[in-house]
Amino acid sequence: MCGIIGIVGREPVAGHLVDALKRLEYRGYDSAGVATLEAETGLTRRRAEGKLRNLEIKLAAAPLSGLIGIGHTRWATHGAPTEANAHPHATSRVAVVHNGIIENFRELRAELEAKGQHFASETDTEVVAQLVDWYLQQGETPATAVATTLKRLTGAFALAFLFTDHDDLVIDARRGSPLAVGWGDGEMYLGSDAIALAPFTDRVAYLEEGDWVEITRTGATVHDETDAVVERPIVTVSATAFQVDRGNYRHFMAKEIHEQPEVIGHTLARYLDLSASTVRLPPALPFDWAKLDRLSIVACGTAYYAGLVGKYWFERYARLPVEIDVASEFRYREPPLPKNGLALFVSQSGETADTLASLRFCKAQGQHTAAIVNVTTSTIARESDVIFPTLAGPEIGVASTKAFTCQLSVLASLAIAAGRARGVLSAEDEKRLVGALGELPGLVLRALRVEPKIERLARETAKVADVLYLGRGSSYPIALEGALKLKEISYIHAEGYAAGELKHGPIALIDEVMPVVVIAPHDPLFEKTVSNMQEVAARGGRIVLVTDEKGAGAASVATLETIVMPDMPDLLAPIVYALPVQMLAYHTAVFMGTDVDQPRNLAKSVTVE
Ligand code: M6R
């Protein structure tokens, strides 16, 4: 989950490499580095521990002027995030940047050390540089050295190579990690995604699994995994896919929270025909909702919690049995899958390694596959039978917000479509539910109005060590999501629990200090949740209740704070109630002074398992 970039240019590239890396920093920010071919010093590197500004300081002190180069921003897997472990890794003949994991690096390193190659880092990546170097020493060309090396690597990777004495050649390769090649005017580029290439070009080709490419100033020669020369289509990427500025907001996360009314509206416009009050899906789906025996939903992190809400909806509105699992468990337990099963993958990035591996497992098992993805050019999007895009736009904050509520908007639409197709919902039911979804952007906008109150609450939350989140039914995943949001950006320990589970253990945690955030719209389960709140109150616990007017009036429990959401149909509650938990996490993190958009140890796109 690192970001890589390469430029074969006509003017000094170091500054452009750093600019591109800034757009890739969401993929990791433990260290960064660039390598260029310099007239005086040949293959030359600048590397720095920590964020990109440290690399910029180094480059300001010791500039590079080469016209060709590669760059990297790192999320550490093998070896601490030190300068010595920062990419590019290099020998006197070749430099390499890498995203992914080389699984057989120990064997390769032992073999190469036995041959006299000297290693300077603890990383898995360095074996790739050393192996190519070894083949170059044996008289191979850069292209054949890379092709031979690729066949010896196991694992997932995107790689880019720069060679001494070759000032018009960068070679890159992909297996399991994404790579885009960009066409400029007498310049060529490569990057982990098209966003990185946005300042230079909107004409890109996405490499296929196993591809490797020779890039010169005038073009690219793409080879497939058998080394045969192949063509990959050049597409024009839309300008909106590149809009990644923070506007007037202090953080991307704040901007993305506030964009939700708009992007949910865009997303729903794709799936609903509001004038006919129906759900509108692609006409020729490769499966029939009515004939499905089971839906398997697989995802990670926040996307998994979206899927968990989806489970409640598909079971309730379509009476479709749903299995749901986190992808890292699903892929290895090799679950038996039914003959007429649909496997649905939920992913913002569309590149999450475990989710992608689960997709491939399901395809191999003959399942129909579908994906809810935000990045429609991603690997998961390209490998699924059908995709249901979210129209959230680029999500840059590591903590997912608008992608989550857009995923929920799509899941709600699909559940209604499935309910109709399976004869569970009548046309009248569909009309009512679609009408409710039509109100969603306005309700989300109204939910944002509680922000000042949440900001005051966050000032107190920033002082505690632990927070418990409770919810029942489709509010349970929102409790889980609230806890995840808080811990990932504020570093405060938080747990999400099904409210009914409280008495089976976590009630022992209740004291006069730890806030208990209860997500409880006034729905058919409300009274049950009130009983759980009473159990908390009876033990001196501090309750923050997130409910609606009716719930606030009926709660009959003293609260530290009550956050009131607008009234809404049950279907919409998990989507709208996501906003207060997002805002609580955001403002708590701001009070704590953490790096909200790039919290420690995390990366936006998790392309390693
Ligand atoms: O790109 P994906 O949706 O597949 O990513 C899944 C998780 O890595 C992601 O949701 C993660 O949990 C977020 N940091 C949560 O805010």
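Predicted model: local features only at pLDDT ≥ 70, side-chain atom pairs only at ≥ 80, totals over all residues.

Residues are numbered from 1 along each chain as its sequence is written, and side-chain values use heavy atoms, with hydrogens and water left out.

Now the ligand. Which residues are closest to the ligand? They are S347, Q348, S349, T352 and E488, out of 14 residues that surround the ligand; a residue is counted if one of its heavy atoms lies within 4 Å. By type, that shell has five nonpolar, seven polar and two charged residues. Here Ala, Val, Leu, Ile, Met, Phe, Trp, Tyr, Cys and Pro count as nonpolar, Asp, Glu, Lys and Arg as charged, and the others, Gly among them, as polar.

Next, the polar contacts, meaning pairs of N or O atoms within 3.5 Å. A polar side-chain atom of E488 is 2.4 Å from an oxygen atom of the ligand. For S349, a side-chain N or O atom is 2.7 Å from a ligand oxygen. With S400 it is a backbone N or O atom, 2.8 Å from an oxygen atom of the ligand. The ligand on its own has 410 Å² of accessible area, and the protein covers 91% of that, by the Shrake-Rupley method with a 1.4 Å probe.

Two elements give two or more residues to the shell: α9 (301-318) and α17 (476-490). The largest share, three residues, is from α9. Helices (H or I, at least four residues) and strands (E, at least two) are DSSP runs, numbered from the N terminus.

Now charge. Side chains of opposite charge can pair when their charged atoms come close. A salt bridge is a side-chain nitrogen of Lys or Arg within 4 Å of a carboxyl oxygen of Asp or Glu, and the count is 29. One of them joins R382 and E208, with the closest N and O atoms 3.8 Å apart. R382 is in helix α12 (residues 379-383), E208 is in the loop between β11 (203-206) and β12 (212-216), and the two are 174 residues apart.

Last, the backbone. Most residues other than glycine have a negative phi, and most peptide bonds are trans. D165 is not a glycine, yet its phi is positive, about 70 degrees. D165 is in the loop between β7 (155-163) and β8 (170-175). The peptide bond between H87 and P88 is cis, with omega about -5 degrees, and P88 is in the loop between β4 (68-74) and β5 (89-90).

Terms used: Polar contact = N/O pair within 3.5 Å; in protein donor to acceptor, adjacent residues only side chain to side chain.
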